[in-house]
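Reader: Hi! Could you walk me through this one?
Author: Happy to, just ask away.

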Amino acid sequence: MSEAYAVVAAIVLLGLGGLVGAFALNRALTITHSTPEKLTTYESGVDPVGEGWAQIHIRYYLFAYLYVIFAVDAVYLFPWATVFATVGTSSLIEMFVFLAFVTVGLLYAWRKKVLSWT
């Protein structure tokens with residue numbers, strides 16, 4: 001049994017050694033010359049003017065949150081649909097419960113007028 005752990009430990013150490021080696025090789029092969037131009041802030045070809053603070057409306061965060069919810073929904077729904085015939089009736093009921101939760105979330109967002117773009 002300890003031989004199996006030794007193999008796993010050797011693989012983990014080999015992987016960590018490869019990772020550290022890749023970082024060390026990258027550092028050794030990188031040529032850097034710091035100049036004042038390289039150290040300035042740069043964004044989309046525009047020189048920074050004024051303060052870097054800008055307020056963002058909370059609606060954008062809500063859109064991102066809804067996107068994550070429906071992306072996770074797709075991650076669960078598509079694999080389930082590929083094996084639907086083999087999983088049985090209980091899995092069908094569970095998927096409808098899952099879709100009901102997603103639908104309630106969508107209806108809540110729609111009712112709060114989060115989905116309207118103004």
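Reader: Which residue with a positive phi follows H5?
Author: That is Lys-113, with phi near 60 degrees. Helices here are DSSP runs of H or I with at least four residues, numbered from the N terminus. This is a predicted model, where local features need pLDDT of at least 70, side-chain atom pairs count only at pLDDT 80 or more, and totals for chains, interfaces and linings use all residues. Residues are numbered from 1 along each chain as its sequence is written, and side-chain values use heavy atoms, with hydrogens and water left out.

Reader: Thanks! What pLDDT does the protein chain average?
Author: The average is 83, and 92% of the residues score at least 70. pLDDT is the predictor's confidence in each residue, from 0 to 100.

Reader: New topic: where is Gly-21?
Author: Gly-21 sits in helix H1. Gly-21 counts as partly exposed because its relative accessibility is 33%. Its C-alpha atom is 38 Å from that of Ile-69, 48 residues apart along the chain.

Reader: What about Val-12, where is that?
Author: Val-12 is also in helix H1, which covers residues 2-29. Val-12 is partly exposed, at 46% relative accessible area.

Notes: Helices (H or I, at least four residues) and strands (E, at least two) are DSSP runs, numbered from the N terminus. Buried means under 20% relative accessible area, exposed over 50%, partly exposed in between (1.4 Å probe, protein chains only).
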